Number of protein chains: 2
Amino acid sequence: MPLQMSTTKQTTINGVDVDALTKTIDAIKHETNLSAFQFRARNTWLGGGLNHSTIQGFFGAGQERARAASFTFKADEPPVLLGDDRGANPVEFVLHALAACLTTTLAYHAAARGIEIRSISSELEGDLDLRGFLGLADVRKGYHHVRVKMHVASDAPADQLANLAKFSPVYDIVANSLPVEVIVETQ
Amino acid sequence: MPLQMSTTKQTTINGVDVDALTKTIDAIKHETNLSAFQFRARNTWLGGGLNHSTIQGFFGAGQERARAASFTFKADEPPVLLGDDRGANPVEFVLHALAACLTTTLAYHAAARGIEIRSISSELEGDLDLRGFLGLADVRKGYHHVRVKMHVASDAPADQLANLAKFSPVYDIVANSLPVEVIVETQ
């Protein structure tokens with residue numbers, strides 16, 4: 001089901017500029033090469049379980065998009081996983097990405113349909129068996145289960161809201177398989 | 001192939017305490033219920049494309065693990081995606097999580113085998129067709145391709161290092177499918 005615009009005259013719904021959203025959709029409908037996006041990150045190891053990423057430019061809607069400033073994030077491990085807790089760990093960042101994406105997706109898709117959302121909060125849990133990472137058993141290395149509970153203040157039915165949230169790109173990335181090419185160059 | 005300990009007497013390799021890693025592995029070998037971990041995040045919507053997550057406690061190695069302080073991360077969208085660039089966006093956080101996890105995994109698994117790593121840096125790209133998110137075409141909503149290039153200063157062969165990096169939990173999460181349960185409760 002495509003994202004359909006409501007006929008409301010209010011131009012901002014859920015904090016989303018619905019006029020701008022309509023224009024984006026129309027532009028991509030008429031020129032599909034505008035829909036190609038490429039996001040990027042660079043990471044540097046700082047020793048042990050500590051490293052940091054820098055995120056700045058990306059490509060989207062037909063052109064390179066430079067940001068004035070970059071975003072940087074540390075990742076570390078807690079002491080039980082031999083780190084010093086100087087940042088959230090990588091699998092925790094996956095939960096943040098998933099929560100953020102489900103939330104934004106719900107706000108945008110509801111706005112496009114004229115559905116008002118008053119608040120959204122969520123709690124996420126990811127279950128992992130460390131034997132996978134350690135190579136001690138034939139179990140998967142990543143989460144074997146993720147649960148998301150979203151609390152939404154809205155008059156729309158919960159089922160409809162869940163279906164809108166599932167337009168989320170990160171939900172797709174986590175729930176479904178994806179080709180990930182890893183090339184190592186030594187020096 | 002299980003993670004195998006080297007016979008070197010150096011206890012810290014790649015910034016990883018190899019004695020502690022050996023003890024962790026031995027403990028989990030003898031008591032497999034120590035291998036269950038649960039990571040968590042909470043997220044609150046701040047309107048439009050802006051929201052923030054809080055990450056603090058987790059369960060691991062048989063007990064609840066409270067951190068003294070929480071980690072908080074904003075997510076936002078750039079202007080072309082109708083946000084105000086107050087944070088990296090959710091799909092960019094996926095690249096950070098993936099980069100961080102491949103890096104830490106390589107450092108730990110190399111350390112366990114006595115392989116010294118002098119430096120690691122990486123560049124990641126994720127390709128996405130916005131028509132998926134917008135519901136305008138039958139293409140996937142998330143990345144359709146992710147590429148990771150890792151530059152590693154080490155005397156070990158590149159193929160071996162790539163295989164060690166792929167013990168990464170986030171690599172598994174992104175590359176393979178996973179049950180993600182999304183429950184919406186309205187109020």
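Predicted model: local features only at pLDDT ≥ 70, side-chain atom pairs only at ≥ 80, totals over all residues.
First, the conventions. Local features need pLDDT of at least 70 and side-chain atom pairs count only at pLDDT 80 or more, while totals for chains, interfaces and linings use all residues. Residues are numbered from 1 along each chain as its sequence is written, chains are lettered from A and ligands numbered from 1 in the order in which they are written, and side-chain values use heavy atoms, with hydrogens and water left out.

I start with chain A. Chain A has five helices and 10 strands; helices (H or I, at least four residues) and strands (E, at least two) are DSSP runs, numbered from the N terminus. Its C-alpha trace spans about 55 × 40 × 30 Å along the principal axes. Of its 187 residues, 55% count as buried. Buried means under 20% relative accessible area, exposed over 50%, and partly exposed in between, with a 1.4 Å probe and protein chains only. Among the contacts in chain A with a separation of 6 or more, 50% come from residues 24 or more positions apart; a contact is a case of heavy atoms within 4.5 Å.

The size of an interface is often given as the accessible area lost when the parts come together. A:Phe39, A:Trp45 and A:Phe133 supply 7% of the area that chain A buries against chain B, more than any other three residues.

On to the core. A nonpolar core is a set of buried Ala, Val, Leu, Ile, Met, Phe, Trp, Tyr and Cys residues joined through side-chain atoms within 4.5 Å. The largest one holds 123 residues, and A:Tyr143, A:Met150, A:Val180, B:Tyr143, B:Met150 and B:Val180 touch the most other members. Not counting residues up to four places away in sequence, A:Val180 touches B:Leu98, B:Val146, B:Val148, B:Tyr171, B:Val174 and B:Ala175.

Next, the aromatic rings. Rings of Phe, Tyr and Trp (its six-membered ring) pair if their centres lie within 6.5 Å; planes under 30 degrees apart count as stacked, over 60 as edge-to-face and the rest as tilted. By this rule there are 13 aromatic pairs over all chains. One of them is A:Phe73 with B:Phe73, with centres 6.4 Å apart and planes at 70 degrees, so the pair is edge-to-face. Each partner lies in strand β7 (residues 71-75) of its own chain, so the pair joins two chains. By contrast, B:Phe37 and B:Phe39 are stacked, at 5.9 Å centre to centre and 25 degrees between the planes.

Which residues of helix α4 in chain B are buried? In α4 (residues 158-165), they are B:Leu161, B:Ala162, B:Leu164 and B:Ala165. They fall within an arc of 160 degrees seen down the axis, so they line one face of the helix; the arc is that of the directions from the helix axis to the C-beta atoms. On the other side of α4(B), B:Asp159 and B:Asn163 are exposed. The cover over the buried residues includes β10 (180-186) of chain A together with α2 (90-112), β8 (117-129) and β9 (143-154) of chain B.

Last, two backbone details. B:Asn14 is not a glycine, yet has a positive phi of about 60 degrees; B:Asn14 sits in the loop between β1 (12-13) and β2 (16-17) of chain B, and counts as buried at 9% relative accessibility. B:Ala61, also not a glycine, has a positive phi of about 50 degrees and is placed in the loop between β5 (58-60) and β6 (63-65) of chain B.

Terms used. Buried area = accessible area lost by both parts, 1.4 Å probe.
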